[in-house]
Amino acid sequence: MNKTVKVAKAEAELQEILRPGQSIELLKELHILTREGRLNQDSRRKLKQVYHLFQFIEKLLRELPEGGARATLADHGAGKSYLGFIIYDLFFKALKDGHVYGIETWPELVEKSRTLAKRLGFDHMSFLNLTVAESAHAPELPPKIDIVTALHACDTATDDAIAFGLAKEAGFMVLVPCCQAEVAACLRETKAIALSRTPLAELWRHPLHTREIGSQLTNVLRCLYLEASGYQVTVTELVGWEHSMKNELIIARRTGHAKASAAERLKSLLGEFGLASLLETRFCLP
Ligand SMILES: C[S@@+](CC[C@H](N)C(=O)[O-])C[C@H]1O[C@@H](n2cnc3c(N)ncnc32)[C@H](O)[C@@H]1O
């Protein structure tokens, strides 16, 4: 195949994958397209992954009043904000209203995202140099937010994102948790007592298991906490997210019906695992 035919073929393939109106400049900035505006094997996979996650979020946006025409979305632990940018480009850009907020503690990343948004004319995007916890009380954010996302927000930032979503009465929360150390640390502290009390403590006797069960247990507790706080929860796998070991996708939908049985289960589980202190600090039931 000569060079011209090859280029034409690559161009046709790109047009097939791109959504109408999608910003080529953004995709280049996010290194999804090469500088020459081409797709390679790696970027084709990356784009498919991003679309996959976007599809989940797009469905939720369309469920909001007026089909999401005035939607507000806060992305926590935004990093380079590629999720926020893609959502904006594919959904918010066409609206006259609505807003996407990116919350990130790393000032350089916040500055970079601000510059990029300005250059692309993405006027309804703001980037805040705040921790997730601080953002719940920050005057830059409105009292209500429709959708909360947190993709691999480190450690307890996912828990802070849940607390933010509860405070902002978010209609939906889309969470892909990262590693979590808080529960494992508590399990470690009470391990000796637990081992003398129950054979179940064998599940977290070895340090590697303490970490693994700590991480699994954290997500189970988060789901119960959300259900106990008026959300319906689904847990699936973020298929195709091969570059990360952490691909558990938790989607919470606000029903306003706080499930008493979930609160009871949460309390029992925390008691069984010697973690009752987290009821005061982390899982503060209504
Ligand atoms: C693993 S990166 C994920 C970035 C992005 N969400 C993604 O998936 O590409 C986690 C990001 O969360 C930020 N972060 C960690 N803890 C945070 C906190 N408590 N508040 C706000 N940002 C936080 C880090 O600086 C980092 O940029």
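This is a predicted model: local features need pLDDT of at least 70, side-chain atom pairs count only at pLDDT 80 or more; totals for chains, interfaces and linings use all residues.
Q: In what order do the strands of the open sheet run, and what is the pairing?
A: As a general idea, strands of a sheet pair through backbone hydrogen bonds, either parallel or antiparallel. Here seven strands make up an open sheet with mixed pairing, and their order is β3-β2-β1-β4-β5-β7-β6.

Q: Which strands stand at the edges?
A: The edge strands are β3 (125-128) and β6 (231-237); each has a single partner strand, so one side of each lacks a neighbour in the sheet. On average, neighbouring strands of this sheet are turned by 15° against each other, with direction ignored.

Q: How many bridges join β5 to β7?
A: Strands β5 (residues 172-176) and β7 (residues 248-254) run antiparallel and are joined by four bridges. In this part of the sheet, Met173 is placed opposite Ala252 of β7.

Q: Which strands does helix α3 lie across?
A: Helix α3 (residues 41-63) lies across β1 (72-76), β4 (147-151), β5 and β7, and its angle to β7 is about 0°. A second case is helix α10 (residues 207-228), which lies across β5, β6 and β7 and runs at about 150° to β6.

Q: Which residues come nearest to the ligand?
A: There are 14 residues around the ligand, and the nearest are Gly77, Tyr82, Glu104, Val132 and Leu151. By class, the shell divides into eight nonpolar residues, five polar and one charged.

Q: Where do N or O atoms of the protein lie 2.8 Å or 2.7 Å from a nitrogen atom of the ligand?
A: Such pairs are read with a cut-off of 3.5 Å between N or O atoms. At Gly77, a backbone N or O atom is 2.8 Å from a ligand nitrogen. At Leu151, a backbone N or O atom is 2.7 Å from a nitrogen atom of the ligand. The side chain of Thr105 has an N or O atom 3.5 Å from an oxygen atom of the ligand. The ligand taken alone exposes 590 Å², of which the protein buries 75%.

Q: Is the phi of His152 positive or negative?
A: In general, most residues other than glycine have a negative phi. His152 is not a glycine, yet its phi is positive, at about 55°. His152 sits in the loop between β4 and α7 (157-167). Asp155 is also found in the loop between β4 and α7, and its phi is likewise positive, near 45°.

Technical notes. Residues are numbered from 1 along each chain as its sequence is written. Side-chain values use heavy atoms; hydrogens and water are left out. A residue is near a molecule or strand if one of its heavy atoms lies within 4 Å of it. A polar contact is a pair of N or O atoms within 3.5 Å; within protein, one must be able to donate a hydrogen and the other to accept it, and residues adjacent in sequence count only if both atoms are side-chain atoms. Accessible areas come from the Shrake-Rupley method with a 1.4 Å probe; for residues, only the protein chains shown count as cover. Ala, Val, Leu, Ile, Met, Phe, Trp, Tyr, Cys and Pro count as nonpolar, Asp, Glu, Lys and Arg as charged, and the others, Gly among them, as polar. Two strands pair if DSSP finds at least two bridges between them. Helices (H or I, at least four residues) and strands (E, at least two) are DSSP runs, numbered from the N terminus. Axes are lines fitted to C-alpha atoms, for helices over the stretch in contact, and angles run from 0 to 180 degrees between N-to-C directions. Contact means heavy atoms within 4.5 Å.
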